[in-house]
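Try each task yourself, then read on through the worked steps.

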Amino acid sequence: MMRRWLNPSYLALSMGLVVLAATAFLMLSGIQRDITQAERDFRGNLVWFATRIDYDRVQLLNELNAMTSRNPPATGNEFARRFDVFWSRINEAGSGVMGQSYMTLPGAAQAIARAKTLLQLIESDAVDLKPGDVERAARIRPALNALSNPLQQVVLQSVQRQADLAVGRRAKLRSRFWQAIVLFVAAFLTAGTLVVLLYVEKQNVAKLRDDLEQRVNQRTRELGRINKELQSANNNLRDFAMIASHDLQEPLRKIRSLANMLSKDLGALASDDSRYALDVIEESAVRLSSLVAALLRYSRLSNAQIMLESVALDSVVSQICEDLDEQIEEAGALVEYDALPHIMADPVQLRQLLQNVLVNALKYRQKERGCRIRIAAHENSAGVTVTISDNGIGFSEEYNEKIFEPFQRLHRQGDFEGTGIGLTLCAKIAERHGWNLSAEGRPGKGARIILDIPKENLRDAA
Amino acid sequence: MRSRMSLTLGRPAAGAWNGLVLLARALCAAAVLCALTVARAPASGLAEPRGEVILTITGKITHTNSRGAARLDLAMLESLGSERIRTRTPWTDGLALFEGVLMRKVLAAVGATGRSVLALAINDYQAEIPATDFDRHRVILAYRKNGRRLTIRDRGPLWIIYPWTDKKALRNELYYVRSVWQLKELVVR
C-alpha cells in the first residue's frame, strides 16, 4: 500500500490536485477582491466628482455673464439657484465615500478651503445680485475665476489617480491571466495523470484476470488429470479385487477338497492332533472362501450400475420376510411394519440392504427372549427416515460408525457366524443412492439402523 | 458635459432581466391604472399651486394644471402623504432620516402612463429611472432630512432617495446614479 502511494504517478496526481485547488482558491478570492475594488473605484470615480465641482463653477459663471448681458433674465432667481448649487458642492465636498476620496487628492483640501472662503466673501453680493448689476458682478467674477486653476488641478490629479488605478487593474488582470494558465496546466497535468493511472490500472486488471484464468485452467487440467488417475486406480483396484477373489476361490477349493480327501484316507489312522489340524484347515478354507465371496459381492456392487425406479418399501419388506420365513420362525421373531412410502431406488440393491439389516437383527438377537423387529418410516422436512429397530444384543456406542467398516466383527467368530461384510455392503448401497445410513446401539438394549432418504429420492405413491 | 447616467454599468443578464422588467412593467401599469381611477375622482384637473413651485412634471401625464405640465408646490406634495426612510447614502455621513412622498403616489397623482421617468436637476444632471423602480422599491421624493427642509445648499429642494440600508440589492451604481438631488423636473416617457 505504501509503495502504491509512493508511485510517481500518484505523487504527480496529488501535486496536481494541490496546485489546482490552491490556484482555484487564489483566483476566486482574487476575483472577489477585484469585484469589491471595482465597486469602490466606481463609487470613488473622482474624475466625475472633481469635474462636477468645476462644472458647477463654470455654470455659475455663465449665469453671472447672462445677468450682465444686454438681454438679462427677468429675475435673479436662476443665478441664486446656481449659486446655491455651487455652494452645496463646495460645502459637501468632503462628505460621503466619494467626498472622502476626493479630499485625499493632492491640492483638493486647499482648493476646497479656498473656495469656501471665497464663497463666504461673495455670498452677500450673490444673494443681492439683480439683473444688470455690473458692480456686484465685477466683485463676484474674480473670485470664481480665481477658483478655476486650483479646481482644474484637482481634476487633473483625479485623472492621474484613475490612470494609476487602471494600471494597477491591468497588472492584476495579468496576474489573473497567469493564474489561469497555471490552473489550466495543473488541470491538464492532473487529468493526464489520471488517464495514465487509469490506463495502467486497467492493464494491471487485465493482466491479473489473464493470470487468474490461466491458473484456473491449469488447475482444472490438473484436477482432470488427477481425477482420471484416481478413476483408473479405482478401476484397477476393483478389477484386482474381482480377479483376486475369483482366482483365490480356485486354490481354496483345492485346499478344501484335498483336506477332505486326506481326512477320509487317513480315517482311523489319523491321530487326534492330525484330525484336529485337518478340521481346522477345512474350516479355515470354508471361512476364507466365504470371505472371498463377500469381497467379490462388495466389488461387484461397486461396479454395478444403479437402475432407479419407484419402489414400494412395504412390498420389498414383505418379500424379504417371505424369503427369510424359516429364519424368522427359527428365531421366533416378530417383524412389524407400518405403511411405508414409495422411494426411487434400485430394487435389487434396496432389497439387499434391507435384507442384510433384517438378517443382522435376527442373528444378533437375545436368545433368552423373543425377537422383535420393527420397521417404521416418518417424513420430515429433509425427506424420509426409515428406522429398523430390534431388541437384540445391541452394541456399544463407540461402534456406531465402526460397524459399517468391512470385516468388522464385534463378537467372537464362534458366537455368531458371518463375514462382517453385510453392513459394509449396506453402507455402500446407501452411499451410491445418495442416502445416509447410520446406526445406534446400546449393549443389551437392541440396535437401530437409520436410513435417511433425501426428498429428491422420493416418489409420491400416487 | 456628459451626464452621470452615461457612467451606468452594464445591466444584469439580459434574458432574466427582460422577463423581470416585463413583469414589473405589467404590475406598474396596473398600479398606475388603479391610481388613475382614484386620482380622477376629486376633479378633472390638478389644483393650482399656491406656494413656490418646486417640481414640474411633463410628458405622458393626464392630469395637468398648466400647459401640458403639472406644477407642484411643497403643500401639494405633502398632501399626498408622507413616507420616511432611514438610510445611509454614499454622499452623506452616517444614518439620515429622509422624509418625503412616495414616487408612485406622485406619478399616480398626475396620471402618469409612461414606462420611465427622466429626472432633471438644477445642476443640469439628469438620469433616467424605469417606472418599475417605484413599484418594486419604496422610492421617495425627499423634501426633509433629519427633520429639516432640504434647500438647494443641502441638495434640495427634492432628492430621490432609495431605501439603501433596508435593501442590499439597491446598494450599487445602478441605483446610485438614479438618486438625483436638487431635482427640479420629471419627464414621464
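This is a predicted model: local features need pLDDT of at least 70, side-chain atom pairs count only at pLDDT 80 or more; totals for chains, interfaces and linings use all residues.

**Exercise 1.** Find the largest nonpolar core and say which residues have the most contacts inside it.

*Solution.* Start with a general idea: in soluble globular proteins, nonpolar side chains tend to be buried together.
- Step 1: get the count. The largest nonpolar core holds 84 residues, and Y102(A), I57(B) and I160(B) have the most contacts inside it.
- Step 2: ask which element gives the most. That's helix α3 of chain A (residues 46-67), with 9 residues.
- Step 3: zoom in on one member. Skip the neighbours within four places in sequence, and I57(B) still touches several residues, including G68(B), L72(B), V106(B), V110(B), L186(B) and V188(B).
- Step 4: look elsewhere. Another core, of 44 residues, lies apart from the largest one; I320(A), L324(A), L340(A) and L362(A) are among its members.

**Exercise 2.** Describe how chain A and chain B meet: how many residues are in contact, and what does each helix of chain A bring?

*Solution.* 
- Step 1: count the residues. On chain A, 25 residues are in contact with 24 residues of chain B.
- Step 2: take the area. About 2,300 Å² is buried between the two chains, and carbon and sulfur atoms give 56% of that.
- Step 3: pick out the charged pairs. The rule finds 4 salt bridges across this interface. R153(B) forms a salt bridge with D84(A), and their closest N and O atoms are 2.8 Å apart.
- Step 4: go through the helices. In chain A, α2 (8-43), α3, α4 (77-91) and α5 (96-103) each supply at least two residues of the side that touches chain B. The largest share, 8 residues, comes from α4(A).
- Step 5: sort that side by class. You get 8 nonpolar, 7 polar and 10 charged residues.

**Exercise 3.** Get an overview of chain A, then decide: is D390(A) buried or exposed?

*Solution.* 
- Step 1: Chain A has 12 helices and 7 strands, and 33% of its 462 residues count as buried.
- Step 2: You'll find D390(A) in strand β5 (residues 383-390) of chain A.
- Step 3: apply the cut-off. Buried means under 20%, so D390(A), at 18% relative accessibility, counts as buried.
- Step 4: follow the side chain. The D390(A) side chain reaches the backbone nitrogen of G392(A) at 2.9 Å, and one of its polar atoms lies 2.9 Å from the backbone nitrogen of A447(A).
- Step 5: list contacts farther along the sequence. Beyond four places, D390(A) is in contact with A361(A), R372(A), I373(A), K445(A), G446(A) and A447(A).

Methods: Residues are numbered from 1 along each chain as its sequence is written. Chains are lettered from A and ligands numbered from 1 in the order in which they are written. Side-chain values use heavy atoms; hydrogens and water are left out. A nonpolar core is a set of buried Ala, Val, Leu, Ile, Met, Phe, Trp, Tyr and Cys residues joined through side-chain atoms within 4.5 Å. Buried means under 20% relative accessible area, exposed over 50%, partly exposed in between (1.4 Å probe, protein chains only). Helices (H or I, at least four residues) and strands (E, at least two) are DSSP runs, numbered from the N terminus. Contact means heavy atoms within 4.5 Å. Buried area is the accessible area (1.4 Å probe) that two parts lose on being put together, summed over both. A salt bridge is a side-chain nitrogen of Lys or Arg within 4 Å of a carboxyl oxygen of Asp or Glu. Ala, Val, Leu, Ile, Met, Phe, Trp, Tyr, Cys and Pro count as nonpolar, Asp, Glu, Lys and Arg as charged, and the others, Gly among them, as polar. A polar contact is a pair of N or O atoms within 3.5 Å; within protein, one must be able to donate a hydrogen and the other to accept it, and residues adjacent in sequence count only if both atoms are side-chain atoms.
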